[in-house]
Amino acid sequence: MVGKGVGTKAFGALPFVCVSNSFSLEQKEAINFLYMFSFLEHGYAYPHKPFHHFESDIRNFPIVEPDPGHTKLRLSREGLEAIERITTPIAAVGVIGPYRSGKSFLLNQLLSLSCYEGFGVGHMRDTKTKGMWVWGTPIELDIDGVKSSVLYIDTEGFESIGKSNVYDDRIFALATILSSVLIYNLPETIREADISRLSFAVELAEEFYGRGQDVAFEPAKLLWLIQRDFLQGKSVQEMVNEALRHVPNHDGDRNIEQVNQIRDSLAIMGDNSTAFSLPQPHIQRTKLCDMKDGELDPTYVQKRDQLKELVASIIRPKIVQGKLLNGKEFVAFLKQILDALNKGEIPSTGSLVEIFNKGILERCLKLYNERMGKVPLPLSEISLLEAHEESRGEAMKAFDEQHFGRHHAKKSVMTLDEEILKVYKNFILANEYQSSKLCEALYTRCEDKMDQLQVLRLPSMAKFNAGFLHCNQSFEKECVGPSKINYGQRMTKMMQKSRSLFIKEYNHRLFNWLVAFSLFMVVVGRFIIKFILLEIGAWILFIFLETYTRMFWSAESLYYNPVWHFIVGTWETLVYSPILDLDRWAIPITFLAAIIVLYWRCYGRRKHGSRGLLPMYNNNNHKGGSNRRRSD
């Protein structure tokens, strides 16, 4: 039998029935009867509730599963792939609470699904849902003008057998973070243990809530849902308020004090929480899955519809760091949060704060790097420290303006400071290298300069002192950074050694120069320009230099003689002055002088005749008027 929405496929000798969700419950029951008849006709046992097994592909998927040890959580790709296909902003409704408290049944009621169509509902004492499951087809809603996809998330119940409290905490934490509306499903009343479990939600609110557009993510709106057999007496809001009142702690019990702190924080979060009561749908709870709305308690049906309206009115799309999340972004957010919650032995808001501040920390560290990168190296240690403090201050200011978390952000600040310190140490090493490179170049330049001064063609103490002073001044001015002290000490030793060596060699070289100069001037005065006074002066200088060192003890004693000091002063005046450096111009001047003398000897004699500069060299003034030429 095939009708609208019904198809048959060969399954051995049996027809296989696929039923669309467009059929009413009565139509499905009729098809179920035909399906049963077909099985009996072929001699097979009839499987109970075929729609639970052979309906369309619309179903619930696991998104998070427990690990083998049932202490941590891991992702389930099956459910994540279904979520990733969603392109509109996502809002999630999560239900948490003790195991066997009717969470899965409540979600089916919110989705208007039967137990055989929606989330699995068990009637045994063990928990039915493992990890976290999501309904495969999101509900499309228009929220504040934004077309959004609402996901309904079922969670594993607390306090079931064979699980650790840490595992329950991770389930609760993950549901708190992912959900836009978190329904805390509690049977009958609010226990102190139920309040203690909200400590994580309180910490999340304290760390992340109330930062405007820069919020990392807003904690879920908490909906206290208390299911009880009767609605008389205290209202559910009164029950919540009473549960949040301080408990006297005269003995200073630590556990009571911690729960009282949670109570205080939950009272402050009053604007972010709502209380709602829901009566039991029927006295026969094990048969709820087989009952239609007409068989349920009318008060329950009315309150259930009100609950649907309440959830629709308070739900908002999930916003993370100012951005609405689509399917792929929601899955990425889930992975990020799960890594943080699995990071430690116990889930903590501190690990979440670190995750959300990681990107901000990297940007601030990059800002520090950029500022320090603009600093020209090398610098003195004090200047580098000042640049570091200024750049660090800007990075810390940027982090303070952007970071998430209040209490746990201190760890992120410490992490940023540690990372900045590591980078600063690298800059210190780079500064030391650049300083060493620069000072080494200056030291080598001065060393070469001192070596050049040691081998002057015309030794000059004045020129050596000028070069010595210039090296010292340039080194002091240009060499900066931590290497300056070390190279300054080396520079001082090198300069002192060069100065001592120059002074020691200076007198010997000058003595030899003067001996050679005196002989040279004898030849010039006698044979070239024939100036007898020049010749006589040159002979006097030569005789003084050669006889003094033989008549007295040594040449070194000559250097303390006043006559020698007068000679040295005259030499220094002639050889080097700010106007004329004879050592540099000696060759050009000598070459020019040679040209002048050659010109005078060749052309001057023809024009003025060959006569000496003194009478003794004049050929026309001999006694007796003899014109005989004087022989050489």
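Analyst: Relative accessible area sorts residues into buried (under 20%), exposed (over 50%) and partly exposed in between, using a 1.4 Å probe and protein chains only. This is a predicted model, in which local features need pLDDT of at least 70 and side-chain atom pairs count only at pLDDT 80 or more, while totals for chains, interfaces and linings use all residues. Residues are numbered from 1 along each chain as its sequence is written, and side-chain values use heavy atoms, with hydrogens and water left out.

User: What makes the pair of Arg371 and Glu394 a salt bridge?

Analyst: Their closest N and O atoms are 2.3 Å apart, a distance that falls within the cut-off, so the pair qualifies. Arg371 sits in helix H11 and Glu394 in helix H12, and the pair therefore ties together parts 23 residues apart in sequence. Glu394 has a relative accessibility of 30% and so counts as partly exposed.

User: How do you know that Arg392 forms a salt bridge with Asp417?

Analyst: Here the closest N and O atoms are 2.7 Å apart. Arg392 lies in helix H12 and Asp417 in helix H13, so parts that are 25 residues apart in sequence are tied together by this pair. Arg392 is partly exposed at a relative accessible area of 24%, and Asp417 is partly exposed at 29%. Elsewhere, salt bridges that share partners join Asp293, Arg304 and Asp305 into one network.

User: Why is Lys103 said to have no salt bridge?

Analyst: Lys103, which is placed in helix H3 (residues 103-110), is buried, and the nearest side chain of opposite charge, that of Asp154, is 5.5 Å away. With Lys and Arg counted as positive, Asp and Glu as negative, and His and the chain ends not counted, that distance is not within 4 Å, so no salt bridge is assigned. Leaving aside residues up to four places away in sequence, Lys103 touches several residues, including Val95, Pro98, Asp154, Glu156 and Asn185, where touching means heavy atoms within 4.5 Å.

User: What makes H13 roughly antiparallel to H14?

Analyst: Helix H13 (residues 409-454) and helix H14 (residues 461-478) pack at an angle of about 180 degrees, with their axes 10 Å apart. That angle makes H13 roughly antiparallel to H14, since angles over 145 degrees carry that name, those under 35 are roughly parallel, 65 to 115 roughly perpendicular and the rest oblique. Axes are lines fitted to C-alpha atoms, for helices over the stretch in contact, and angles run from 0 to 180 degrees between N-to-C directions. Among the residues that meet are Leu438, Leu442 and Tyr443 in H13 and Phe464, Phe468 and Phe475 in H14. The residues of this contact divide into 11 nonpolar, 3 polar and 4 charged, where Ala, Val, Leu, Ile, Met, Phe, Trp, Tyr, Cys and Pro count as nonpolar, Asp, Glu, Lys and Arg as charged, and the others, Gly among them, as polar.

User: Why are H15 and H18 called roughly perpendicular to each other?

Analyst: Helix H15 (residues 484-528) and helix H18 (residues 562-575) pack at about 80 degrees, with their axes 12 Å apart, and H15 and H18 are therefore roughly perpendicular. Residues such as Tyr506, Phe511 and Trp513 in H15 meet residues of H18, including Trp564 and Trp571.

User: Why does Ser112 count as exposed?

Analyst: Ser112, in the loop between H3 and strand S6 (132-135), has a relative accessibility of 55% and so counts as exposed. Its phi is near 60 degrees, a positive value in a residue other than glycine.

Terms used
Helix = DSSP H or I, 4+ residues; strand = E, 2+ residues; numbered from the N terminus.
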